[in-house]
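Open the model in a viewer and keep the selection panel at hand. The stops below say what to select and what is there.

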Amino acid sequence: MTAIYALTIILVIFAIGEFCSAKTNAVLSQPLVGAILMLLFFWLGFPKTLVADAGLNVIGSVISGILIAGVGSTINLTELVRQWKTILISVVSVIAGVAGIILVGSFIIGREQAAAGAPVFAGSISAVIIMRDHFNAGGREYLSALCNMILTVQTLVGLPLSTIMMRRAAKDFLTDKHNLALYSGAAEETADVKKKPLQLPQSLSTSIIILAKLAVAAALANFLAGLTNNVVHYMVMAMFIGLIFTQLGLLEENAMAKTGCSSLFLVLILASLFESFSYITPQDLLGMIVPILVVLGLGSLFAGFVSILVARFTDTNPYLAIAMSLTCMYGFPTTLFISQDVAKACGSNDEERAALNNYLVPKIVTAGIATVTIASVIIASYVVKLV
C-alpha cells in the first residue's frame, strides 16, 4: 500500500478513537477504539503491512525513549514526598497485584502468559513497549498482542471499580463534619519556584530545542543502559535521565507537552504496538479472553486486598486505598477526570464539593503517577527477564 494511504488510514482510525474517548469521558479510550478498528481492518482482508507501509514500524520504536524521557519530566518529587502514604499504598498494592498474577495465574493460564500480562496490569504503555520489544525479538507476536489487548481493555475494569470505591470513600468523608473545615479551603499552594542548578535561559525552551533535549536524554539513557549490560532497562534509564535533567533545569517540566508532539508521538507508538494485531485471528482473540480475565481479575483482587492491609497501618480510608491501587489500570489524565467527577457528584453543596475535590484529587492523581509512571516501568524491566 502507498505510504500516504497507509498513514491516512492509521490517523483516521485514531481520530475516531479520540472522538469516542471525548464523548464517553474516556470510558471508551482512544487505545481501545483504535485496537478494535485495527483488528477489524486486518480481519476484513486489508494489507497486514499497514503499519510498515506507513513507515511507522521503525519510528515507533525509535521515539519510545524520547516519550519515556518526557514522562520522567512530569514527576514532581515534592508532591511525591508530601503524599508518601499514597505512594506506599499504591506501589505496594500494585506489586502485590503483579505477584498474584504471576504466582497464581501461572497455574491457570501458564507462566508465560501470566508473566507477559502482569507488568501491563501495573499500568503503562511504557511497560507494553518493554514487553513488545522482547516478544517480537523472539518471534512471539501472540504474547505481544496479548499485552496490547490487556492494555486496551483494562480501563473498562479499573474505572467502574475505582468509581465505586471513591464514592464509598466520599460518603465516609462527609460523615465527619470536621473534614469539611479541614479540606474545604483552597488547595495547598506550592512554594515559590526556585531556580534550578543548571537552569537554561527561556530562549532554549522552544519546541524543537526541547525535543532535541529529550532526544539527548534518550540517547544518554541508551548509552548508560548499555554500560550496565542492560541490567537496567533502557526505558527505565530514560525515565530517570528525564527526571534528573528536569531537576537540574536542563529540561522543562512536562517537557513533551511543551513540544506539541505528545499526541502525535503517542499515536505513532500505539500504531507500532498494534502492528502485532496483524498476526491475530478471531480465534486467537477468543483464546485471549480467559488470560485477560485472569490477569485483570487476579491483579485487582490481590492489589485491593493488600491496599486494605496497608491502609490500616497508614490510617487511610480502605475504600480510598482500593481506588488508589486501581489507578494503575487507567492513569493520568483519567485519574484527574474521575476524581473530579466523583467530588462533583457526591457533594451536595459547594463547600462539600470543594472539600471532596481537595481530598480526592491529589491522592488519586499521585497514585496514578506512582503506579503508571514509575512502578510499571521498573516492574516490566524485571519481569521481562522471566519470559
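Burial terms first: buried means under 20% relative accessible area, exposed means over 50%, and partly exposed lies in between, with a 1.4 Å probe and protein chains only. The model is predicted, so local features need pLDDT of at least 70 and side-chain atom pairs count only at pLDDT 80 or more, while totals for chains, interfaces and linings use all residues. Residues are numbered from 1 along each chain as its sequence is written, and side-chain values use heavy atoms, with hydrogens and water left out.

**Stop 1: a loop residue.** Select Asp 315, which is exposed at a relative accessible area of 70%. Asp 315 sits in the loop between helix H16 (282–314) and helix H17 (318–326); helices (H or I, at least four residues) are DSSP runs, numbered from the N terminus. Its phi is positive, about 55°, although Asp 315 is not a glycine.

**Stop 2: helix H2.** Select residues 30–43. The 14 residues of H2 should span 20 Å at 1.5 Å a residue, and the end C-alpha atoms are 20 Å apart, which agrees; the expected span is 1.5 Å times one less than the number of residues. Buried residues in H2 include Ala 35, Met 38, Leu 39 and Phe 42. Among the elements covering the buried residues of H2 are helix H1 (3–23), helix H15 (262–273) and H16. After H2 comes Gly 45, with a positive phi near 95°.

**Stop 3: the core.** Now select Phe 121 and Phe 277. Of the 122 residues in the largest nonpolar core, these two touch the most other members. Helix H10 (residues 141–175) gives the most to this core, with 15 residues. Such a core is a set of buried Ala, Val, Leu, Ile, Met, Phe, Trp, Tyr and Cys residues joined through side-chain atoms within 4.5 Å. Which residues does Phe 277 contact, leaving aside neighbours within four places in sequence? They are Ala 35, Met 38, Leu 39, Phe 42, Ala 145, Asn 148 and Met 149, where contact means heavy atoms within 4.5 Å.

**Stop 4: helix H7.** Select residues 84–109. H7 has 26 residues and reaches 35 Å from its first C-alpha to its last, close to the 38 Å expected. Look for a kink of about 30° centred on Leu 103; the bend at a residue is the angle between axes fitted to the seven residues ending there and the seven starting there. Just after H7, Gly 110 has a positive phi of about 95°.

**Stop 5: salt bridges.** A salt bridge is a side-chain nitrogen of Lys or Arg within 4 Å of a carboxyl oxygen of Asp or Glu, and the count comes to two. Select Lys 213 and Glu 252, whose side chains meet at 2.9 Å, N to O. Lys 213 lies in helix H12 (residues 207–227) and Glu 252 in the loop between helix H13 (234–248) and helix H14 (255–259), so the pair ties together parts 39 residues apart in sequence. Both Lys 213 and Glu 252 are buried.

Then select Asp 350 and Arg 353, with their closest N and O atoms 2.9 Å apart. These residues are three apart in helix H19 (residues 350–383), about one helical turn. Asp 350 is exposed at 61% relative accessibility, and Arg 353 is partly exposed at 29%.

Stop 6: Finish at Cys 328, which is buried with a relative accessible area of 0%. With a disulfide taken as a pair of cysteine sulfur atoms within 2.5 Å, the count of disulfides is zero.

Terms used:
Helix = DSSP H or I, 4+ residues; strand = E, 2+ residues; numbered from the N terminus.
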